[in-house]
Amino acid sequence: MRDFIVIGGGATGVGVAVDAASRGYRVLLLEQDDFGKGTSSRSTKLVHGGVRYLEQGNISLVMEALKERGLLRQNAPHLVSDLAFVVPSYAWWEAPFYGIGLKLYQALSGKYGFGKSQLLSKKQTLQHLPNIETEGLRGGVMYYDGQFDDTRLLINMVATAAEQGATLLNYAKVTSLTRNKQGWVDGVVATDLESGKTLRAKAKVVTNATGAFCDSVRQFAEPQAKPMIAPSQGAHLVFDRSFLPGDTAIMVPHTSDGRVMFAIPWHGHTLVGTTDTPIQKPSLEPVPMEQEIEFILSTAALYLHKKPTRADILSAFAGIRPLVKSGDGANTAALSRDHTIHIDQSGLLTITGGKWTTYRNMAEDCVNQAATLAHLDEKPCVTRDLPIHGSLRKTARLGSLAVYGADATKIQRLIETDRALAAPLHPALPYCGAEVVWAVREEMARTVEDVLARRTRALFLNARAAIEMAPRVAELMARELKCDLAWQQREVARFEDVANGYCV
Ligand SMILES: Cc1cc2nc3c(=O)[nH]c(=O)nc-3n(C[C@H](O)[C@H](O)[C@H](O)COP(=O)(O)OP(=O)(O)OC[C@H]3O[C@@H](n4cnc5c(N)ncnc54)[C@H](O)[C@@H]3O)c2cc1C
């Protein structure tokens, strides 16, 4: 019998699989769609301590996240990089106020620091942010945080977990839980969505890491289980680079709805977000609401000289925060205010909340709890110093393949064997055919959407370009997967359907 079954292939579930497998436990992970289909592909792409928590006085949470930020840069240097942020100041009090706060932020990171914060004059602010709104501008405060590519990291974490001995399946949807004679959850029933076959597996502990969907999985075991999640949607808009030329991001600490908003350079584009809108029910493919699009455009217009309009939007995407309701009963063990581990009467262990940045720490807590719950042999956590698959420090010479880290040379070798694979898939984006072949052969990509949304980031960068790339991607995939023309046509149509939700 396996030690762990993990349900959910986002940052939380795959993080748990990496942790448990690297301790030597036997692990099976099941994801209903593709790895990262949920919230984990839809983040703001920041590896950060959370300046907002600092304002709320939650120092320990910030310190924990800043430490995780440092560990992530150490273990996945090909995917996590330092990013300079400027908080522009338009009122006299802003520079000293945010200056002090951001000095504290820097100090809290201790040996895991990313760079020194400093006050900027108006001229210096303009040098870093040539498109900042100059009317009333006094200067700014510069500080450093981390940036990453969320699903490239996730796909590399899937590989890491597999290398540590875990089995991970995408397109395997858990439909019910099984219980032993004592009523304890001891396994899952799942459907292989490609073949339609039923899969059954048993384990000493079943971990529910299904993010915003975790209540529906809890209700498989206990239909009356009280919901613990209050889902909230956040949206982002993507524009071309001209709105944020250079390598510096903008952080707006207080929007009119009291939130933090970012404009960041990402893969040669400008990513702006996010919002926070309570919703009734989570969906796997959320679409930005009209009010979210308007809010991001109007907030960006306050801070940018060349103002983005609807016509400039290249992609719009939304994600769902699994916010945990407070006071959910005596057996909710809030290990930090940021993530929650909950054990139901049936022994089903749910881990949710938190953020991408802290996935490793969340996984460590989760596996410790699960091992105690299931009376597993005690094994120490080793992920603090465990390199993530592809880990490589110097990637500059790899050009657009840098995000693949150590795998980049293998993709270059694919090109050497078939020069046609070097051809760009679209003039607006830096992706080539070899990446499609690589994604199918080595990264478990099964659909055109897997390749265009999560192995490459085409859909998130430029939805219309991604739609135009789809037929060629389908053709390359069909060759690898030995699929016919009808499959290609179905895949292209299915992708267009999804991608239309990213077009505004
Ligand atoms: C708008 C927004 C911006 C954010 N920005 C940042 C940021 O910049 N930095 C940061 O650190 N954090 C950020 N976060 C937080 C971070 O993205 C999330 O905390 C994290 O991605 C949650 O991961 P997860 O694995 O818990 O959930 P998910 O990624 O949603 O994964 C859950 C998975 O479970 C699967 N699943 C559901 N039901 C089943 C079933 N029955 N069987 C099998 N599988 C199932 C789903 O398909 C899904 O893939 C942001 C969040 C949002 C919403």
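1. Start with strand β16, which gives the most to the shell around the ligand, with 4 residues. Strands here are DSSP runs of E with at least two residues, helices are runs of H or I with at least four residues, and both are numbered from the N terminus. At least two shell residues each come from β16 (315-324), α1 (11-23) and β8 (172-179).

2. A word on what you are looking at: this is a predicted model, in which local features need pLDDT of at least 70 and side-chain atom pairs count only at pLDDT 80 or more, while totals for chains, interfaces and linings use all residues. Residues are numbered from 1 along each chain as its sequence is written.

3. Now look around the ligand. It is surrounded by 41 residues, and the closest are Gly 8, Gly 10, Gly 38, Gly 211 and Gly 234. A residue is near a molecule if its C-beta atom, placed from the backbone, lies within 6 Å of it.

4. Which domains supply at least three residues each to the shell around the ligand? They are domain 1 (2-40 + 151-228 + 325-385) and domain 2 (60-147 + 232-321). The assignment, which is automatic or from a database, also gives domain 3 (396-500).

5. Finally, check the confidence. pLDDT is the predictor's confidence in each residue, from 0 to 100; the protein averages 94, and 98% of the residues score at least 70. Over residues 328-336, however, the pLDDT is below 50. Where pLDDT is low, the predicted coordinates should not be read in detail.

Notes: Contact = placed C-beta atoms within 7 Å.
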